[in-house]
Amino acid sequence: MMRKKVVLFATAALGGLCILIALVGIATPAAAESPRERFFEIHAKRFDYTPGTIQVNQGDKVTVRLISEDVSHGLYLDGYEIKTSAHPGEEGTLTFVADKTGRYTFRCATTCGEFHPYMVGYLNVEPNSRLWIFALLTVGVALCSAVIVLR
Ligand SMILES: [Cu+2]
């Protein structure tokens, strides 16, 4: 009799947890993961970009302002095949939708000195995975409660 009560309580608790996780999974990441507009200011100076790495989520609309702090520099984004250039006092801009996931190199596209070939930075495009993690968590908790009830 006592065991039945414990099982019933555990089932109710886990069921509630399932619903809670599902709700959190549906409510928060949906807002966080829906494509956003992202703005970055990248400063180019012989022979570096600052920041050297930018990170976005897949689907984000990305705008990059390229600002030169010394001579003329360019920015060519591998994989997306787009580029812009910045000159002293004249910035360049680049707008694109990050529709491909992965790590992409961007490099200087305007010869700017001896180490110009080594002037590179990185764009990381993360997949929208949070929704899947929450879905898996929900299924996991549901399975756990099923095991407790059925054993
Ligand atoms: Cu350069």
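Strands here are DSSP runs (E, at least two residues), helices are runs of H or I with at least four residues, and both are numbered from the N terminus. Two strands count as paired if DSSP finds at least two bridges between them. Across from tyrosine 76 you will find arginine 107 in β8.

A word on the model before I go on. It is predicted, so to speak of a local feature we ask for pLDDT of at least 70, and side-chain atom pairs count only at pLDDT 80 or more, while totals for chains, interfaces and linings use all residues. Residue numbers start from 1 along each chain as its sequence is written.

Now the overall layout. The protein has two helices and nine strands, and along the sequence they follow the pattern α-β-β-β-β-β-β-β-β-β-α. Take contacts between residues at least 6 apart in sequence: 70% of them join residues at least 24 apart. A contact here is two C-beta atoms, placed from the backbone, within 7 Å.

Back to β5 and β8, then. They belong to an open sheet of five strands with mixed pairing, in the order β3-β9-β8-β5-β6. At the edges stand β3 (53-57) and β6 (82-86); each has a single partner strand, so one side of each is left without a neighbour in the sheet. On average, neighbouring strands of this sheet are turned by 20° against each other, direction ignored. Those angles are taken between N-to-C directions of lines fitted to C-alpha atoms, and run from 0 to 180 degrees.

Next, β4. It pairs with β1 in the parallel sense over eight bridges, with histidine 43 opposite isoleucine 67 in β4. It also pairs with strand β7, residues 92-97, in the antiparallel sense over six bridges, and there lysine 61 has valine 97 in β7 as its bridge partner.

Of the protein's 151 residues, 17% count as buried.

That brings us to the largest nonpolar core, which has 16 residues; Ile42, Ala44, Val64, Leu66 and Leu75 have the most contacts inside it. Two or more residues each come from β1 (37-45), β4 (61-68), β5 (73-77) and β9 (120-126), and the largest share, three residues, comes from β4. By core I mean buried Ala, Val, Leu, Ile, Met, Phe, Trp, Tyr and Cys residues joined through C-beta atoms within 7 Å. Setting aside neighbours within four places in sequence, isoleucine 42 is in contact with Tyr49, Thr50, Pro51, Val64, Leu66 and Leu75.

Finally, some backbone details to look at. Most peptide bonds are trans, and most residues other than glycine have a negative phi. Arginine 46 and phenylalanine 47 are joined by a cis bond, omega about 0°, with phenylalanine 47 in the loop between β1 and β2 (48-50). Another cis bond joins threonine 50 and proline 51, omega about -5°, and proline 51 lies in the loop between β2 and β3. In the loop between β5 and β6 sits glutamate 81, whose phi is positive, near 55°. Glutamate 81 counts as exposed because it has 7 C-beta neighbours inside 10 Å.

Key. A residue is buried if 20 or more other C-beta atoms lie within 10 Å of its own, exposed if 12 or fewer, and partly exposed in between; C-beta atoms are placed from the backbone.
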